[in-house]
Amino acid sequence: MLDGGCDPLYIARRVVRMASEDIGNADPRALTLALAAWDVQERLGSPEGELAIAQAVVYLAVAPKSNAVYTAFGTVMQDVKREGSYEVPVHLRNAPTKLMKELGYGKAYRYAHDEPEGYAAGETYFPEELGERRYYQPVARGLEIKIAERLAWFREQDQQAKKK
């Protein structure tokens, strides 16, 4: 592409897109490296910037791949277009005024940092009309293996909280 006259900044932009869309949370460092390569190209130009882009391309080529976030984002956007917006659940609303406090805004809110393990087990964040949904399905590659384990732990804690 470079030999054919393509703008290196265009290539850098595409590399960033690949890092986010094709690698995602399987290796989040890919996005940082791709952005750094773009920055090097903007700051230094050729040939140093092109070398940084090449470094990012090689990293992306061997990184574990996941489009799980990309897929989840697309599904969320489809749901929003189809179903529209709903009110924020009352327990999640900020209550900066006396009236809002009287209406119960934020009354049953649980601050995760004050909870055991930093997680408010059993807490709901979706509007009632939607129910609980799972959009993000991590793949069994790279860091997403650990993310999947953590999500499974969250679900287990939620189930235990419902039993209480």
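**View 1. Arg133 and Glu83 in a side-chain salt bridge.** In this predicted model, the side chains of Arg133 and Glu83 form a salt bridge with an N to O distance of 3.2 Å. Because Arg133 sits in the loop between α5 and α6 while Glu83 belongs to helix α4, the pair ties together parts that are 50 residues apart in sequence. Arg133 is partly exposed, its relative accessible area being 26%, and Glu83 is likewise described as partly exposed, with a value of 25%.

**View 2. Arg133 and Asp79 in a second salt bridge.** The side chain of Arg133 also meets that of Asp79 in a salt bridge, here at 2.9 Å from N to O. This pair links distant parts of the chain, with Arg133 in the loop between α5 (98-102) and α6 and Asp79 in helix α4, 54 residues apart. Asp79 has a relative accessible area of 11% and therefore counts as buried, since that class covers values under 20%.

**View 3. The network of salt bridges around Arg133.** Taken together, Asp79, Arg82, Glu83 and Arg133 are linked in a network of salt bridges. The structure as a whole holds 10 salt bridges. As a general point, side chains of opposite charge can pair when their charged atoms come close.

**View 4. Arg43 and Asp39 within helix α2.** A salt bridge joins the side chains of Arg43 and Asp39, with 2.9 Å between N and O. Both residues lie in helix α2 (residues 29-44), where Arg43 and Asp39 are four residues apart, or about one turn of the helix. Arg43 is exposed, with a relative accessible area of 65%, whereas Asp39, at 30% relative accessibility, is classed as partly exposed.

**View 5. The largest pocket and its lining.** The largest pocket has a volume of about 650 Å³. Its lining comprises 22 residues, and those closest to the centre of the pocket are Glu132, Arg133, Arg134, Arg155 and Asp158.

**View 6. Helices and residue classes in the pocket lining.** Helices α4 (68-83) and α6 (144-163) each supply at least two residues of the lining of the largest pocket, and the largest share, seven residues, comes from α6. Sorted by class, this lining has 11 nonpolar, four polar and seven charged residues. Helix α4, which contributes to the lining, is also the helix that holds Asp79 and Glu83.

Definitions and conventions: Residues are numbered from 1 along each chain as its sequence is written. This is a predicted model: local features need pLDDT of at least 70, side-chain atom pairs count only at pLDDT 80 or more; totals for chains, interfaces and linings use all residues. Side-chain values use heavy atoms; hydrogens and water are left out. On a 1 Å grid over the protein atoms alone, a cavity is a set of points where a 1.4 Å probe fits but cannot get out, and a pocket is an open set with protein on both sides within 12 Å along at least five of seven lines; lining residues have an atom within 4 Å of a point. Grid points are joined across faces, edges and corners, and a volume is the space filled by probe spheres set on the points. Ala, Val, Leu, Ile, Met, Phe, Trp, Tyr, Cys and Pro count as nonpolar, Asp, Glu, Lys and Arg as charged, and the others, Gly among them, as polar. A salt bridge is a side-chain nitrogen of Lys or Arg within 4 Å of a carboxyl oxygen of Asp or Glu. Buried means under 20% relative accessible area, exposed over 50%, partly exposed in between (1.4 Å probe, protein chains only).
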